[in-house]
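Q: I have not looked at this one before. Can you take me through it a piece at a time?
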Amino acid sequence: ESRNCMKSLPNPIFKHAVADAVLQQARAVKLLILDVDGVLTNGEIYITASGEEIKAFNTLDGHGLKMLQKTGVKLAIITGRDAAGVAHRVQGLGIDHYLAGIHDKRSAYLDLIAQLGLQPEQCAYIGDDVVDLPVMVRCGLPIAVPSAHDWVIHYADFVTHAEAGNGAVREACEMIMLAQGSLQDALSAYVQ
């Protein structure tokens, strides 16, 4: 048996306290919705001579999404762009609700939660730019990355410490799991 199994797990991502009000909001979350560019990526887009878009995704973010899914929280992506590489990443992560090429994120969000039978307070959204605000102001837990536009930061109830494309999504996933009481068990499973 591992010598670390009996230790209480550290919580290194949350070096700063998470407000009780944010944890309360996170307890209700049944659906996490993400933007792509500037959230799942650092916001840079490389375009090849043939017009193909290339984006870099963080594996920590991907595993955080998979851990959150295992707790029963559903995942969705609403993005204005429609890139084949993103569709491939979404499929690899097993994200069921992928809405690409969306220019009216508000309508897409309202249709999605109606389809899933969820209330706004049961939804969290991670965004970085003003096009994300129509969803952020209508969901229960609006989340921003530190490099987000100032208006987005203003309307966010939680701002990650990690940057976009570099662990911000993982941090948000683990914060939701922490609030819902599933983080310790999820992480402990790796040291059993």
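A: One cut-off to begin with: a residue counts as buried under 20% relative accessible area, as exposed over 50%, and as partly exposed in between. Keep in mind that this is a predicted model.

Q: Ok, so is Gly85 buried, exposed or partly exposed?
A: Gly85 has a relative accessible area of 38%, so it is partly exposed. Gly85 is found in helix H3.

Q: How far apart are Gly85 and Ala156 in space?
A: Their C-alpha atoms are 28 Å apart, and the two residues are 71 apart in sequence.

Q: Back to H3. Which of its residues are buried?
A: Val86, Val90 and Leu93 are buried in H3. Down the helix axis, the buried residues of H3 fall within an arc of 65°, so they line one face.

Q: And which residues are exposed on the other side of H3?
A: Ala84, His88 and Gln91 are exposed there.

Q: What do the buried residues of H3 pack against?
A: They pack against helix H2, strand S4 (74-78) and strand S5 (97-99).

Q: What follows H3?
A: Gly94 follows H3, and its phi is positive, near 75°.

Q: Let's take the helix pair. At what angle do H2 and H3 pack?
A: H2 (residues 59-70) and H3 (residues 84-93) pack at about 45°, and their axes are 10 Å apart. That angle makes H2 oblique to H3.

Q: Which residues meet there?
A: From H2 there are Thr59, Gly62, Leu65, Lys66 and Gln69, and from H3 there are Arg89, Gly92 and Leu93. By type, the residues of this contact are two nonpolar, four polar and two charged.

Q: New topic: how do H1 and H7 pack?
A: Helix H1 (residues 20-27) packs with H7 at an angle of about 85°, with the axes 8 Å apart. This makes H1 roughly perpendicular to H7.

Q: Which residues meet in that one?
A: Val22, Leu23, Ala26 and Arg27 of H1 meet Met175, Ile176, Leu178, Ala179 and Gln180 of H7. The residues of the contact of H1 with H7 comprise seven nonpolar, one polar and one charged.

Q: Last one, Arg170. Where is it found?
A: Arg170 is in helix H7, which covers residues 168-180.

Q: Why does Arg170 count as buried?
A: Because its relative accessibility is 13%, and the cut-off for buried is under 20%.

Q: What does its side chain reach at 2.9 Å?
A: The side chain of Arg170 reaches the backbone oxygen of Leu60 at that distance.

Conventions
Residues are numbered from 1 along each chain as its sequence is written. This is a predicted model: local features need pLDDT of at least 70, side-chain atom pairs count only at pLDDT 80 or more; totals for chains, interfaces and linings use all residues. Side-chain values use heavy atoms; hydrogens and water are left out. Axes are lines fitted to C-alpha atoms, for helices over the stretch in contact, and angles run from 0 to 180 degrees between N-to-C directions. Helices (H or I, at least four residues) and strands (E, at least two) are DSSP runs, numbered from the N terminus. Angles under 35 degrees count as roughly parallel, over 145 as roughly antiparallel, 65 to 115 as roughly perpendicular and the rest as oblique. Contact means heavy atoms within 4.5 Å. Ala, Val, Leu, Ile, Met, Phe, Trp, Tyr, Cys and Pro count as nonpolar, Asp, Glu, Lys and Arg as charged, and the others, Gly among them, as polar. Buried means under 20% relative accessible area, exposed over 50%, partly exposed in between (1.4 Å probe, protein chains only). A polar contact is a pair of N or O atoms within 3.5 Å; within protein, one must be able to donate a hydrogen and the other to accept it, and residues adjacent in sequence count only if both atoms are side-chain atoms. The arc is that of the directions from the helix axis to the C-beta atoms.
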